[in-house]
Amino acid sequence: MSSMGVLPPSNRSLRETRANSTPPPMDLLTPSAPCTPKTYSSPPVHVLIVEDNIINQTVLKKQLIAQKWVVHVANHGGEALDFLRRSRFLRGSESSGEELSVVLMDQEMPIMDGLTCVKLIRNMEKSGELVAHIPIIAVTANARSEQVKVLEDAGMVRRLHSAASGTTS
């Protein structure tokens with residue numbers, strides 16, 4: 001018996017197999033039930049990048065758009081709160097507000113830093129001003145374990161290193 005494992009088919013070979021497959025027999029198709037191809041796709045992810053560094057904004061935005069995400073940008077925490085007040089998370093705007101799936105939040109920004117902003121967002125959730133919990137991921141270049149603990153305690157769910165640091169976690 002060989003020690004080589006069986007590899008799953010590649011996406012290319014799956015596409016070629018589908019393209020070369022024979023259609024179903026005509027007797028399975030009836031005029032009352034026409035055969036129409038169905039395409040299934042998940043709705044796009046809507047992300048708010050809260051970052052004051054234009055290079056980090058640009059790198060993150062390009063990466064996310066390449067994944068077919070819808071990207072919004074805020075330069076600091078104050079702009080992030082303004083966006084949330086226009087989003088579907090705001091009570092009374094559930095059906096008419098801006099879509100939002102997740103927030104990527106820098107820690108250190110002028111005007112309003114990420115930590116202050118996250119605390120205000122979590123207070124808005126507790127008070128009922130926002131109708132649901134918003135996932136917020138910290139984006140930071142150099143976070144020591146004590147800083148990570150503070151961010152998590154404030155309500156951020158995960159940490160990513162910023163583009164400038166060249167690493168992710």
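Q: What does the chain have in the way of helices and strands?
A: The predicted model has five helices and five strands. Going along the sequence, you get the pattern α-β-α-β-α-β-α-β-α-β.

Q: And how much of the chain is buried?
A: Of the 169 residues, 35% are buried.

Q: What share of the contacts comes from residues 24 or more positions apart?
A: They make up 59% of the contacts in the chain with a separation of 6 or more.

Q: OK, let's go to β1. Is it mostly covered or mostly open?
A: Mostly covered, with five of its five residues buried. On one side you have His 46, Leu 48 and Val 50, on the other Val 47 and Ile 49, and both faces are covered.

Q: How does β1 run relative to β2, and how many bridges join them?
A: They run parallel, and five bridges join them.

Q: How does the chain get from β1 to β2, and with which hand?
A: It goes through helix α2, residues 54-66, and that β-α-β crossover is right-handed.

Q: What else does β1 pair with?
A: Strand β3, residues 102-106, again in the parallel sense, over four bridges. There, Val 50 has Met 105 as its bridge partner, and Ile 49 has Leu 104.

Q: So is β3 enclosed or open?
A: Largely enclosed by the rest of the structure, because five of its five residues are buried. Val 102, Leu 104 and Asp 106 point one way, while Val 103 and Met 105 point the other way.

Q: You said Asp 106 is buried. What does Asp 106 stand opposite in β4?
A: Val 139. β3 and β4 pair in the parallel sense, with four bridges between them. To get from β3 to β4 the chain crosses through α4, and this β-α-β crossover is right-handed.

Q: Switching to His 72. Where is it, and is it buried or exposed?
A: His 72 sits in strand β2. Its relative accessibility is 18%, so it counts as buried; the cut-off for buried is under 20%.

Q: What is His 72 in contact with, leaving aside neighbours within four places in sequence?
A: His 46, Val 47, Leu 48, Ile 49, Phe 83, Glu 98 and Glu 99. Among those, His 46, Val 47, Leu 48 and Ile 49 are β1 residues, and Phe 83 is one of the buried residues of α3.

Q: Why is α3 largely enclosed?
A: Because six of the eight residues in this helix, which covers residues 77-84, are buried. Those are Gly 77, Gly 78, Ala 80, Leu 81, Phe 83 and Leu 84.

Q: What do they pack against?
A: β1, β2 and α4.

Q: Let's talk about α4, then. Which residues are buried there?
A: Gly 114, Leu 115, Cys 117, Val 118, Ile 121, Arg 122, Met 124 and Glu 125.

Q: What's at its two ends?
A: At the start, a side-chain oxygen of Asp 113 comes within 2.9 Å of the backbone nitrogen of Leu 115. After the helix comes Gly 128, with a positive phi near 95 degrees.

Q: Now the largest nonpolar core. Which residues touch the most other members?
A: Met 105, Ile 121 and Ile 134, out of 25 residues in that core. The elements giving two or more residues to it are β1, α3, β3, α4 and β4. α4 gives the most, with five.

Key: Residues are numbered from 1 along each chain as its sequence is written. This is a predicted model: local features need pLDDT of at least 70, side-chain atom pairs count only at pLDDT 80 or more; totals for chains, interfaces and linings use all residues. Side-chain values use heavy atoms; hydrogens and water are left out. Buried means under 20% relative accessible area, exposed over 50%, partly exposed in between (1.4 Å probe, protein chains only). Contact means heavy atoms within 4.5 Å. Two strands pair if DSSP finds at least two bridges between them. A crossover is right-handed if, with the strands pointing away from the viewer, the path from the first strand over the helix to the second runs clockwise. A nonpolar core is a set of buried Ala, Val, Leu, Ile, Met, Phe, Trp, Tyr and Cys residues joined through side-chain atoms within 4.5 Å. A polar contact is a pair of N or O atoms within 3.5 Å; within protein, one must be able to donate a hydrogen and the other to accept it, and residues adjacent in sequence count only if both atoms are side-chain atoms.
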